[in-house]
Amino acid sequence: MDKMWSGRFSASASSLLDQFNASIMFDRKLYLEDIEGSTAHATMLAKQGILTKEELEQIKQGLQQVKKEIESGEFEWKISDEDLHMGIEKRLTALIGDAGKKLHTARSRNDQVAVDFRRYVLRKNNEIVEAIKKLMYEVLVVAEQHTETLIPGMTHLQHAQPINFGFHLGAYLSMFKRDIERFQSSYERNNISPLGCAALAGTPHKVDREYTAELLGFDSVSVNCLDTVSDRDFALEILFNISTMMMHISRLSEELIMWSSYEFGFVELSDEYSTGSSIMPQKKNPDVPELLRGKTGRVYGSLMGLLTVMKGLPLAYNKDTQEDKEGVFDAVETAEISLEILKEAIKTMTVKPHNMEKACAIGHLSATDLADYLVEKCDIPFREAHFITGRAVAKGEELGVDLSKMEFKYLKEIDERINEDVMEFLALRHSMNARTSQGGTATVRTLEQLEFFREYLNKAEETLLI
């Protein structure tokens with residue numbers, strides 16, 4: 001019987017229970033946070049006179065030895081130790097003796113895992129922010145090259161109005177900016193220390209929670225210990241933030257898939273980030289955006305899984321909460337590789353402006369401009385102008401010609417009030433550049449928007465939370 005908690009038990013745990021109960025094979029990912037947390041805890045105990053200076057030095061040196069063994073691969077992770085906390089403490093005690101047994105004074109695995117997992121999540125918040133910024137830079141570079149490249153703006157996946165490609169990519173820059181803000185907000189809200197809460201009600205030992213919080217880089221300590229040891233809002237938040245970010249990535253991926261098809265031909269993904277068919281030698285498949293689209297559902301599953309785990313838990317800690325980590329670990333790893341590979345796919349793709357602009361001549365994209373012309377130049381009420389424009393579109397369909405290229409005589413037949421200057425209004429580039437309202441697609445406005453994102457990224461570089 002070698003469990004550190006086995007004093008109350010008369011029989012050993014079954015091997016089946018060990019296998020079912022243990023988390024050590026996945027929570028060992030938190031070894032660095034655990035060692036740093038234990039070092040801070042021991043330092044505080046020595047400051048408070050609960051450990052001697054000699055015991056503190058033994059513990060610190062022992063923990064560093066354990067760290068070296070883990071990182072070199074020498075450390076033996078045993079299912080019988082249940083979790084990384086017990087595995088590390090057991091090895092520490094084997095190395096330094098009785099001083100190792102004193103480390104857990106004024107601490108429980110409940111606040112220990114809370115601090116380890118919280119610090120991991122906070123660290124990953126910042127790393128993901130950095131990765132989003134790098135993706136945004138690559139999207140911004142492409143956008144800045146195409147502020148005059150026409151592309152069909154769509155609603156309902158139908159051609160709607162001509163916009164420029166830089167403006168279209170600017171929409172994704174807006175999404176990714178909101179993602180950064182969500183991660184940063186979560187960091188600030190959750191950067192509080194659980195250490196000193198012990199099992200659920202605090203500890204009678206004269207600990208200094210503010211001191212350990214300072215040592216570990218937390219802004220403050222938690223207010224209520226009962227809440228703290230069972231709180232996994234920080235884990236749910238990173239899962240939600242990643243899920244929302246992946247939804248944005250999936251939307252862009254869907255467009256890349258469409259744009260790279262023969263039907264669109266707007267972009268070509270590089271050979272480095274495409275795959276072929278096992279049977280059809282001509283195929284070039286957009287597997288990267290397809291996988292990104294698919295992995296989004298996987299991340300959603302992790303979020304829903306943890307929400308479901310947490311929804312019925314009475315206070316305080318329950319073993320169900322052990323199910324909090326694998327989904328977060330998987331979602332974080334998915335987010336990291338997704339951001340990296342999408343960045344490279346964007347960086348190496350080829351944009352085809354000719355095909356984009358050619359597509360703008362399909363679908364009567366300047367129809368709204370005709371309606372606006374009738375309102376502005378002919379003083380016709382908008383609803384009547386809308387009806388007249390509809391007739392013009394129908395005539396274009398009958399003739400097999402786009403409204404932007406229709407001969408003036410046909411427009412004049414539809415309504416006598418239309419003058420020849422209407423042809424300027426129907427030109428596709430004029431249509432795009434006419435939309436000069438703030439946030440609009442006109443090239444001058446697009447340039448303003450892209451400059452805003454460049455300034456934002458430069459400022460974010462200076463103020464990134466580390």
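Predicted model: local features only at pLDDT ≥ 70, side-chain atom pairs only at ≥ 80, totals over all residues.
Before anything else, when I speak of a contact today I mean heavy atoms within 4.5 Å.

Now the provenance. Residues are numbered from 1 along each chain as its sequence is written, and side-chain values use heavy atoms, with hydrogens and water left out.

Let me turn to the overall form. The protein has 20 helices and 6 strands, where helices (H or I, at least four residues) and strands (E, at least two) are DSSP runs, numbered from the N terminus. The radius of gyration is 30 Å, which is well over the 23 Å that the globule rule gives for 466 residues, so the protein is more spread out than a compact globule; that radius is taken over C-alpha atoms, and the rule itself is 2.2 Å times the number of residues to the power 0.38. Taken along the principal axes, the C-alpha atoms fill a box of roughly 100 × 50 × 40 Å.

As for the surface, the protein exposes about 22500 Å², and carbon and sulfur atoms supply 52% of that area, with accessible areas coming from the Shrake-Rupley method with a 1.4 Å probe and, for residues, only the protein chains shown counting as cover. Of the 466 residues, 50% count as buried, a label that means under 20% relative accessible area, with exposed meaning over 50% and partly exposed in between (1.4 Å probe, protein chains only).

The helix pair I would like to look at is α3, residues 31-47, with α4, residues 53-72, which pack at an angle of about 175° with their axes 10 Å apart. That makes α3 roughly antiparallel to α4. Here axes are lines fitted to C-alpha atoms, for helices over the stretch in contact, and angles run from 0 to 180 degrees between N-to-C directions; under 35 degrees counts as roughly parallel, over 145 as roughly antiparallel, 65 to 115 as roughly perpendicular and the rest as oblique.

Which residues in α3 meet α4? On the α3 side they are Y31, L32, I35, S38, T39, A42, T43 and A46, and they meet L56, I59, K60, L63, Q64, V66, K67, I70 and E71 in α4. By class, this contact has 10 nonpolar, 4 polar and 3 charged residues, where Ala, Val, Leu, Ile, Met, Phe, Trp, Tyr, Cys and Pro count as nonpolar, Asp, Glu, Lys and Arg as charged, and the others, Gly among them, as polar.

Next, the loops. S23 sits in the loop between α1 (15-21) and α2 (24-27), and at 4% relative accessibility S23 counts as buried. What does S23 touch, leaving aside its neighbours within four places in sequence? The residues in contact with S23 are E82, D83 and Q322. E82 in turn belongs to the loop between α4 and α5 (84-96), is buried at 5% relative accessibility, and has a positive phi of about 75° although it is not a glycine.

Another residue other than glycine with a positive phi is L157, with a value near 60°, in the loop between β1 (150-155) and β2 (158-164). Is L157 buried or exposed? L157 is exposed, with a relative accessible area of 52%.

In the loop between α12 and α13 (325-348) we find A316, and the peptide bond from L315 to A316 is cis, with omega near 5°.

I will finish with residues placed in helices. S302 lies in α12 (residues 287-310) and is buried, with a relative accessible area of 14%; not counting residues up to four places away in sequence, S302 touches L239 and G327. Q449, in α20 (residues 443-463), is buried at 18% and, with that same exclusion of residues up to four places away, touches F167, G439 and G440. E210, by contrast, is partly exposed at 49% relative accessible area, and its place is in α9 (residues 209-215). Finally, E210 and G196 are 14 residues apart in sequence and 9.4 Å apart in space, C-alpha to C-alpha.
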